[in-house]
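Hi everyone, thanks for making time for this. I'd like to walk you through one structure, piece by piece, so please have a look at it with me.

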Amino acid sequence: RWMKALPWVAVSGAMLYAAATQWAGHWPWVEMLSHFRVLVLALCLAGCVLFLIGLSLGRVVLGLAVAVWLAWPLGRYFLPAAQPVPAPGCPPQEITVALCHPGADGVAADRILAWDADIVVLAGPTEEFYRAHYQAFRERYPAHSADPSGPPVGLWCFTRLPVAKDLCKTRTKALGGTPACDWTLRLPDGTPCRLVAAHAPYPSGSANAETRRKVLAGLGAALEQDQGPRLVVGSLACTPFSAFFGDLVAKAGVRDTALGHGLSSTMVSAWLPAVGLPVDHILVSDHWQVVDRTLGDGPGHRSAVVRLRRVR
């Protein structure tokens with residue numbers, strides 16, 4: 001009897017999950033569950049297999065319909081992404097943006113320098129890492145914004161591009177004290193480019209969950225009126241399936257550089273390597289084409305290095 005009930009539980013539960021995340025995604029508990037969409041999809045497909053074994057073809061069709069509903073937001077990460085076309089007269093220029101978690105359990109300093117990125121965002125740097133490698137990074141990157149308070153929300157940003165305006169302290173205050181970077185950079189041809197970066201805490205309790213929500217909302221609000229080239233970079237403790245992530249993307253007018261490159265997890269468990277979540281993001285406006293996107297390997301937070309070409 002329980003074997004007959006199991007696929008019904010899997011498929012009906014998946015249906016309720018899909019409906020809740022679509023129409024009630026801003027509710028705290030629903031939003032928390034929204035990050036596990038891939039897992040729920042796998043359970044739904046398992047239910048379809050059990051229906052098929054029991055030769056319940058009508059129920060298989062129902063289960064597959066629910067699976068398509070769940071998979072729809074995932075598909076755009078695996079299909080070729082629509083890229084903005086170059087505008088007439090726009091000079092070709094490229095920049096590289098890197099995001100990683102450094103330190104004893106993360107990426108080593110020499111590897112970060114080897115990327116030779118134009119913009120680097122380090123999430124969760126410890127005071128020891130900051131002191132040990134400050135001079136090496138300073139020689140390569142003249143502009144810095146640092147709050148090396150360590151995990152969970154430390155942030156260290158640096159760039160070789162000239163900084164025309166520095167609003168880091170203002171943005172940190174606006175985000176309730178969460179370390180943030182807000183720079184207006186000058187691209188090689190003199191065009192201004194807005195960069196905002198932050199490291200949101202994991203929603204391990206109601207207070208952290210509210211802080212993370214405010215950080216995501218604040219990043220979107222910071223760029224809502226901006227029409228020029230812009231970048232949002234950070235470890236945001238949020239997957240693309242969250243309603244809060246959707247609000248950020250819509251308000252800031254940006255898109256995920258992972259689109260078309262697969263839905264790869266950037267936080268991978270050391271105990272269960274097959275289990276992970278895409279929580280570290282580099283988002284860009286339609287002024288940029290994604291030329292290349294590379295992820296690091298190993299457990300913990302995986303680094304992301306993205307090469308961008310300006311087309312507008």
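Let's begin with R171, which you'll find in helix α7, residues 168–174. One thing to keep in mind throughout is that this is a predicted model. Is R171 buried or exposed? Its relative accessible area is 13%, and buried means under 20%, so R171 counts as buried. What does R171 touch, once we set aside its neighbours within four places in sequence? Its contacts are A180, D182, R194 and A222.

H144 has a bridge partner in β4, namely F158. The two strands involved, β3 and β4 (residues 155–159), pair in the antiparallel sense, with 5 bridges.

Now let's zoom out to the sheet. It is an open one made of 6 strands, and reading across, the order is β3-β4-β2-β1-β15-β13, with mixed pairing. Which strands stand at the edges? They are β3 (143–147) and β13 (288–295); each has a single partner strand, so one side of each has no neighbour in the sheet. From one strand to the next, the twist averages 10°. Packed on this sheet is helix α6, residues 127–140, which touches β2 (119–123), β3 and β4. The direction of α6 makes about 10° with that of β4.

My last stop is a pair of helices. As a reminder, two packed helices are described by the angle between their axes and the distance between the axes. For α8 and α9, the axes come within 7 Å and cross at roughly 15°. That makes α8 roughly parallel to α9, and the crossing is left-handed. Which residues meet there? On the α8 side we have R212, R213, L216, L219, G220, A221 and L223, and on the α9 side F244, L248, K251 and A252.

Let's stay with α9, which spans residues 243–252. Its buried residues are A243, F244, F245, L248 and A252. What covers them? The cover includes α2 (28–34), α8 (206–223), β8 (230–235), β9 (255–256) and β12 (280–284).

The two ends of α9 are worth a look too. At the start, S242 has a side-chain oxygen that reaches to within 3.1 Å of the backbone nitrogen of F244. Just after the helix, G253 takes a positive phi of about 65°.

That's my tour, and I'm happy to take questions.

How values were computed: Residues numbered from 1 in each chain as written. Predicted model: local features only at pLDDT ≥ 70, side-chain atom pairs only at ≥ 80, totals over all residues. Heavy atoms only, no water. Buried < 20%, exposed > 50% of the residue type's maximum accessible area, 1.4 Å probe, protein only. Helix = DSSP H or I, 4+ residues; strand = E, 2+ residues; numbered from the N terminus. Contact = heavy atoms within 4.5 Å. Polar contact = N/O pair within 3.5 Å; in protein donor to acceptor, adjacent residues only side chain to side chain. Pairing = 2+ DSSP bridges. Axes fitted to C-alpha atoms, helices over the stretch in contact; angles between N-to-C directions. Parallel < 35°, antiparallel > 145°, perpendicular 65-115°, else oblique. Left-handed = near helix turned anticlockwise from the far one by under 90°.
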